[in-house]
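Please find below a colleague's note on the structure, arranged as numbered points. The sequence and the model are shown first, and the comments follow.

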Amino acid sequence: MLKFAISGVLCFISAYLGFAGKKYFNKRCKYLKDFSEFLSLLRDGISFANDKLPQIGRKFIASGKGAFYTDIEDYINIVEKGNPTEEQVMKCFDSKYISKQDKVLLKEFFSQLGKFDYDTQISRLDMTSAQLKKTIEKAEKDCRTTGNLMPKLGLVIGIAIMIILA
Amino acid sequence: MTIFNELYRIVDFNVLTEVRLRVDKPLYYAEAGKYKKINDLIISNDDLTYTLGVATKTSLYAYNDYLAEGYITYDGGIRIGITGEGVIKNGQLSTLKNITSLCIRIPRYVAIRNEKIDKLIAKFDNTLIISKPGYGKTTLLRYMIKSLSDREYNVLVLDERGELSGVVDGQLSIDLGACTDVVVGVPKIKSYSSQVRSMRPDVIATDEIFGEKEIDCILDCIRCGVKVVATLHSDELAKVEKSPSYSRLLKDFRYVVSIIGIGNIDKVIDLRGNYA
């Protein structure tokens with residue numbers, strides 16, 4: 001009976017880890033897509049309305065929820081206080097959903113944001129968008145393959161543990 | 001710690017009028033117009049970047065047109081003059097890069113106790129204020145705007161750079177009186193004709209007349225019956241009289257106020273005798 005209970009718990013844990021893995025991949029995708037959305041809004045704000053960064057940021061924060069929105073809020077808070085340093089920017093975008101490489105991309109973009117004239121700012125924005133597009137494509141592929149595989153794998157491993165222990 | 005923390009420690013902000021930042025050079029500041037130097041405070045590129053970041057709310061791109069003009073305006077009408085390397089695009093100056101100097105000018109409302117100015121305001125007519133840069137033309141203009149407004153003249157202030165009124169998010173940070181209307185951030189040439197028709201001012205106040213087009217606009221306003229009070233960079237009236245462009249103003253302006261030292265109003269000249 002005890003064996004059966006332990007194997008049940010282990011099966012549950014294994015399946016849970018599988019689903020958590022899928023959730024991670026989904027959240028990573030959402031984080032990067034939200035960043036892409038922010039870049040679009042930023043481009044419009046800069047090109048058409050000539051809005052300042054805090055205004056654009058607040059508009060974006062009001063439009064949704066998620067890990068990226070929280071990070072942007074932290075970033076806009078420090079922008080409103082003054083000129084953010086690289087370290088401050090890094091702290092804002094220290095999300096668990098993104099890779100080290102993504103963090104470098106975010107740090108480089110946000111620590112330089114608003115420090116250039118119009119033309120340079122737009123070309124940097126476009127460059128980041130292009131880089132981000134590739135990252136999103138890869139993240140979506142990972143989500144479809146590895147992300148979808150993880151819950152199944154978790155369940156299979158869990159059942160296997162149950163069989164072995166039984 | 002920023003250079004401004006150090007400055008806060010040393011300087012009396014009630015009398016601070018100017019701060020000058022030049023890369024690799026010590027910080028200079030002016031208290032009531034007199035320059036002082038802080039030898040220990042050598043300005044770095046990072047200091048300029050920080051200052052510009054704060055001044056532009058980390059949105060330098062939004063100030064592109066202003067950069068091309070060589071200045072940006074910060075909260076409270078603080079004007080920051082900028083020098084750097086010009087970027088030419090389609091044959092025109094597009095913006096500045098590699099910025100090397102900033103000149104931060106802090107506007108203040110000062111009630112001027114001067115009998116000549118009080119008499120001028122009492123029998124107000126078109127007035128031209130002349131002096132070298134930094135002697136207090138804008139301060140005197142601000143005082144005259146408030147005094148005329150207090151006498152219930154409808155004063156229209158054409159404040160292209162926002163330094164006369166110190167407008168921050170639509171709120172005037174400097175009190176220019178209850179009968180004052182302020183146009184901020186609009187090129188003055190555009191404002192003259194449109195605002196004279198729409199706002200029906202008794203007096204137009206404008207800082208730093210520059211160029212033939214503006215002179216034509218001012219003369220047109222005077223022809224329409226609107227009084228003008230304006231400032232002009234020049235160290236003496238004789239030089240204005242010799243200038244083919246600016247001497248045209250003297251035919252329609254009645255008073256010339258000459259400032260010969262920082263805040264030192266030399267004389268108020270009534271030109272009516274000479275140019276009637």
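1. What percentage of the 166 residues of chain A count as buried? The share is 27%, where a residue is buried if 20 or more other C-beta atoms lie within 10 Å of its own, exposed if 12 or fewer, and partly exposed in between, with C-beta atoms placed from the backbone.

2. On conventions: this is a predicted model, in which local features need pLDDT of at least 70 and side-chain atom pairs count only at pLDDT 80 or more, while totals for chains, interfaces and linings use all residues. Residues are numbered from 1 along each chain as its sequence is written, and chains are lettered from A and ligands numbered from 1 in the order in which they are written.

3. Chain A contains six helices and zero strands; helices (H or I, at least four residues) and strands (E, at least two) are DSSP runs, numbered from the N terminus. Its radius of gyration is 21 Å, whereas a compact globule of 166 residues would have a value near 15 Å. That radius is taken over C-alpha atoms, and the globule rule is 2.2 Å times the number of residues to the power 0.38. The C-alpha trace of chain A spans about 70 × 30 × 25 Å along its principal axes. Of the contacts in chain A with a separation of 6 or more, 71% are accounted for by residues 24 or more positions apart; two residues are in contact if their C-beta atoms, placed from the backbone, lie within 7 Å.

4. Chain B has ten helices and 15 strands. The radius of gyration of chain B is 19 Å, close to the 19 Å that the globule rule gives for 276 residues, so chain B is as compact as a globular protein of that length. Its C-alpha trace spans about 60 × 45 × 40 Å along the principal axes. Of the 276 residues of chain B, 38% count as buried. Residues 24 or more positions apart make up 58% of the contacts in chain B with a separation of 6 or more.

5. The domain assignment divides chain B into domain 1 (3–105) and domain 2 (115–275); such bounds come from an automatic or database domain assignment. The centres of domain 1 and domain 2 of chain B, taken over C-alpha atoms, are separated by 27 Å. Seven residues of domain 1 of chain B are in contact with twelve residues of domain 2 of chain B. On the domain 1 side, these residues divide into one nonpolar, four polar and two charged. Ala, Val, Leu, Ile, Met, Phe, Trp, Tyr, Cys and Pro count as nonpolar, Asp, Glu, Lys and Arg as charged, and the others, Gly among them, as polar.

6. An open sheet of six strands in chain B has the order β3-β2-β1-β6-β5-β4, with antiparallel pairing; two strands pair if DSSP finds at least two bridges between them. Its edge strands are β3 (34–42) and β4 (71–74) of chain B, each of which pairs on one side only. Within chain B, strand β1 (residues 16–22) is joined to strand β6 (residues 92–105) by five bridges. The bridge partner of B:R20 in β6(B) is B:C103.

7. B:L102 lies in strand β6 of chain B. Why does B:L102 count as buried? The reason is that B:L102 has 23 C-beta neighbours inside 10 Å. Not counting residues up to four places away in sequence, B:L102 touches B:L21, B:L48, B:T51, B:I80, B:G81 and B:I82.

8. Strand β13 (residues 227–233) of chain B has six of its seven residues buried, so β13(B) is largely enclosed by the rest of the structure. Strand β7 (residues 127–131) of chain B pairs with β13(B) in the parallel sense over five bridges, and B:S131 stands opposite B:H233. Strand β12 (residues 203–206) of chain B also runs parallel to β13(B), joined by four bridges, and B:V203 stands opposite B:K227.

9. The contact between the chains takes 15 residues from chain B and 15 residues from chain A. On the chain B side, α2, α3 (64–69) and β6 each supply at least two residues, and α2(B) gives the most, with four residues. By class, this side of chain B has six nonpolar, seven polar and two charged residues.
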